[in-house]
Amino acid sequence: MPLTQSREIAAATRLENVRYAIRDLACVADEVIQQGHKVLPLNVGDPLNFDFQTPPHIIEAVHKAMRNGKNGYAPSPGIPEALEAIRGEAARKGITTVRDVFVTSGVSETVDLCLTALLNDGEDLLTPSPDYPLYSAVLCKLGIVLNAYDLAENDGWQPERADIERKITPRTRGIVLINPNNPTGSLCTRQMLEQVAELARRHNLVVFSDEIYDKLILDFDSQGNDTAHIAFASVAPDVPCVTFGGMSKNYLVPGWRIGWGIVSGDAAAVKTYTEGVHRLLRARLCANHPEQYAIKAALEGPQGHLVEVKRKLRSRRDLTQKWCEATPRVSCVAPRGAFYAYPKIDIPESDEVFVKELIRQKHVMVVHGSGFGQKPGTQHFRIVFLPDEQTLTKAYTGIAEFIRERYDTR
Ligand SMILES: Cc1ncc(COP(=O)(O)O)c(C=O)c1O
């Protein structure tokens with residue numbers, strides 16, 4: 001008789017705190033869709049779900065690579081022409097002390113590899129609260145206890161220096177900055193970056209600077225030029241830093257899974273750590289191969305699509321901000337980059353209940369603040385303002401009605 005497996009296979013207990021609220025809400029949306037309704041998705045940061053198109057010359061570069069037989073494994077750190085293009089990009093960002101660059105399957109993999117290569121059991125990493133949930137997911141996977149520092153809503157969501165300093169312990173190895181930020185849309189000021197650099201020098205910390213949205217800055221002149229984004233590594237060339245960048249958002253190809261890391265700082269300080277990263281890069285073979293041929297085409301080719309993307313995003317940001325200002329119980333720090341707004345809501349129940357009921361009653365999907373982390377006693381929700389103005393207006397009308405009906409009619 002064949003043996004049958006009768007006992008349940010338990011998942012590792014360290015996964016218990018792994019949450020990804022952005023996708024976890026999908027079950028509630030499915031309920032609503034099964035009842036025959038269309039859901040307005042203001043929850044996932046994928047521009048390709050809306051009226052944004054991948055620049056054709058980037059698609060052509062990958063197509064050509066596939067036709068030319070670039071379909072085998074690539075070198076583990078990435079193909080040489082992509083690495084050279086990323087070095088060029090680092091120079092344009094003002095990073096003068098580049099020690100290494102490598103290509104990964106999305107910034108998601110850069111995050112996973114770089115955190116894994118740094119942290120031993122019992123050590124910790126400072127991550128922002130609110131944060132992009134991948135960081136806490138990777139830390140949970142590694143069995144690392146979370147050590148979150150606050151972003152100050154009353155200071156344009158800048159990292160709270162005093163809170164960072166309070167939370168640094170002898171076991172703290174590094175600090176994560178997300179700039180421009182997901183979920184708040186804020187940009188770090190130069191002064192803040194200098195303060196973080198000072199703390200990193202004093203406490204021997206590595207800085208992970210996630211700059212995946214660095215070309216999506218919403219304050220720009222008529223030619224589309226902006227000066228608002230400042231790369232951490234350009235402010236602190238001596239501090240050990242890995243700058244995370246990628247193709248998903250700036251070049252509108254999230255499905256291609258292409259990201260990279262730029263290691264900078266004092267050469268002797270980063271050497272051993274970089275070798276550790278390369279061990280992991282080799283162990284996972286390589287990032288997607290033909291898609292790497294788009295990196296040079298993207299970084300060195302025409303940037304015209306960005307003018308159009310930023311124009312659309314700025315107008316949608318302005319619409320979002322006006323709505324937040326005009327809606328009772330809602331207030332919001334104006335986003336300055338990326339395509340997220342993170343309004344505060346003043347309601348007598350949790351933001352998770354708010355978000356789930358909003359999907360059920362008005363078929364609008366946003367993500368609850370508790371899915372990103374927030375100060376106790378506050379409630380927020382994250383809006384992705386990628387849809388066109390008409391769709392956003394419809395969604396905002398629904399949310400305003402929901403707030404009025406649920407909290408303000410007695
Ligand atoms: C701040 C931040 N970092 C990293 C990622 C993951 O990017 P990728 O598609 O390159 O894995 C995202 C995706 O939304 C993000 O918002």
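**Reading the terms in a predicted model**

Modeller: In this model, which is predicted, the crossing of helices α5 and α6 is right-handed.

Biologist: Which residues make the contact between these two helices?

Modeller: On the α5 side the contact is made by S108, V111, D112 and L115, and on the α6 side by L134, Y135, V138, L139 and K141. These residues divide into six nonpolar, one polar and two charged.

Biologist: Why are α5 and α6 called oblique to each other?

Modeller: Helix α5, residues 106-118, and helix α6, residues 134-141, pack at an angle of about 40°, with their axes 10 Å apart. Angles under 35 degrees count as roughly parallel and those from 65 to 115 as roughly perpendicular, and α5 and α6 are therefore described as oblique.

Biologist: What makes N204 count as exposed?

Modeller: The relative accessibility of N204 is 67%, and exposed means over 50%, so N204 counts as exposed. N204 is placed in the loop between α8 and β7, and its phi is near 60°, a positive value in a residue other than glycine.

Biologist: Why does R329 count as partly exposed?

Modeller: R329 has 27% relative accessibility, whereas buried means under 20% and exposed means over 50%, so R329 counts as partly exposed. R329 lies in the loop between α12 and β10, and its phi, near 75°, is also positive in a residue other than glycine.

Biologist: How do you know that the peptide bond from S129 to P130 is cis?

Modeller: The omega of the bond from S129 to P130 is near 0°, and the bond is cis; P130 is found in the loop between β3 and α6. A cis peptide bond also joins N179 and P180, with omega about 0°, and P180 is found in the loop between β6 and α8.

Biologist: What radius of gyration would a compact globule with 410 residues have, and what does the protein chain have?

Modeller: A compact globule with 410 residues would have a radius of gyration near 22 Å, and the protein chain has 22 Å, so the value agrees with that of such a globule. Along its principal axes the C-alpha trace spans about 70 × 65 × 50 Å.

Biologist: How many of the contacts between residues at least 6 apart in sequence join residues at least 24 apart?

Modeller: Of those contacts in the protein chain, 77% join residues at least 24 apart. Buried residues make up 56% of the 410 residues, and the secondary structure of the chain comes to 14 helices and 15 strands.

Technical notes:
Residues are numbered from 1 along each chain as its sequence is written. This is a predicted model: local features need pLDDT of at least 70, side-chain atom pairs count only at pLDDT 80 or more; totals for chains, interfaces and linings use all residues. Side-chain values use heavy atoms; hydrogens and water are left out. Axes are lines fitted to C-alpha atoms, for helices over the stretch in contact, and angles run from 0 to 180 degrees between N-to-C directions. Helices (H or I, at least four residues) and strands (E, at least two) are DSSP runs, numbered from the N terminus. Angles under 35 degrees count as roughly parallel, over 145 as roughly antiparallel, 65 to 115 as roughly perpendicular and the rest as oblique. A crossing is left-handed if the near helix is turned anticlockwise from the far one by less than a right angle, and right-handed if clockwise. Contact means heavy atoms within 4.5 Å. Ala, Val, Leu, Ile, Met, Phe, Trp, Tyr, Cys and Pro count as nonpolar, Asp, Glu, Lys and Arg as charged, and the others, Gly among them, as polar. The radius of gyration is taken over C-alpha atoms; the globule rule is 2.2 Å times the number of residues to the power 0.38. Buried means under 20% relative accessible area, exposed over 50%, partly exposed in between (1.4 Å probe, protein chains only).
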